[in-house]
Amino acid sequence: MNKLLIESAFDQFLLSEANISMASTYIIDGHINKSFYSSDELSDLKSEAESNGRIFSERMQRWEQIKPYCLSIIKGKKTPAAFKFTFCLSDENVVKFLNSSNLSLSPNDIANLTLNIKYDGSDLSATTAVSLNTFTLDKSIDASWDMMIKKFFDANKIGFEEM
C-alpha cells in the first residue's frame, strides 16, 4: 500500500479510474476533462510535460497528480472495504516498452497497456490487460507486458505470487 499511495513507484502510470469503497464509494475518472482547461492552460500542461521529457497525455492524468486525493479518502483508522485502480502505461513508456520488447507493433497499434490493482476486503490482486487498435492473433505482446510488470514489481520490491 505504501508503494501505491505514499511512494512514487506508480507515479508515471496514467490513471483510467479509481474506485474506492469506504463509508461511501468514491469513483474518480482519470480521463482529462478538456473543457475544464483553456487552450492556453492545455498548452502550458503540454510544455511542462515536454520540459520533463514526457509526452503529454491528452487522455488521462498521471497517478502522481491524483494520488493525494485518493490518499486523503483512504487514510484513517479503517481499511477500505474495497478498491480498484486501473492504470495505463504512459505514452512515452509505451515507446520504451516496445523498443525493449522487440515487438513488431508501433505505438499507434496500442490503445492501452493496463494494470488493474484490486482489493476486495481481504485479498490484493494485480491483473494486466492489453488493448490494441489493430487485430492480431499474435499474443507475444501480452506475454511481454506480463513480464514487464513482473520486472516492475521486482525492481520496486513489491512481492507477488503468480496465479
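**Close-up views of a predicted model**

**View 1. Helix H5 and what covers it.** In this predicted model, the cover over the buried residues of H5 includes helix H4 (91-101), strand E4 (110-119) and strand E5 (124-132). The buried residues themselves are Ile141, Ser144, Trp145, Ile149, Phe152 and Phe153. H5 spans residues 140-155, and its 16 residues reach 22 Å from first C-alpha to last, close to the 22 Å expected at 1.5 Å a residue. After H5 comes lysine 157, with a positive phi near 55 degrees.

View 2. Phenylalanine 10 and phenylalanine 13 form a tilted one, at 6.0 Å centre to centre and 35 degrees between the planes. Phenylalanine 97 and tryptophan 145, in turn, pair edge-to-face, with 5.8 Å between centres and 85 degrees between planes. Because phenylalanine 97 lies in helix H4 and tryptophan 145 in helix H5, this pair ties together parts 48 residues apart in sequence. Both partners are buried: phenylalanine 97 has 3% relative accessibility, and tryptophan 145 has 0%.

**View 3. The aromatic cluster.** Ring pairs link Phe10, Phe13, Trp63, Phe83, Phe85, Phe87, Tyr119, Phe152, Phe153 and Phe160 into a cluster.

View 4. Cysteine 70 is buried at 0% relative accessible area, and cysteine 88 is buried at 2%. Searching the whole structure turns up zero disulfides.

Conventions: Residues numbered from 1 in each chain as written. Predicted model: local features only at pLDDT ≥ 70, side-chain atom pairs only at ≥ 80, totals over all residues. Heavy atoms only, no water. Helix = DSSP H or I, 4+ residues; strand = E, 2+ residues; numbered from the N terminus. Expected span 1.5 Å × (residues − 1). Buried < 20%, exposed > 50% of the residue type's maximum accessible area, 1.4 Å probe, protein only. Contact = heavy atoms within 4.5 Å. Disulfide = S-S within 2.5 Å. Phe/Tyr/Trp six-rings, centres within 6.5 Å; stacked < 30°, edge-to-face > 60°.
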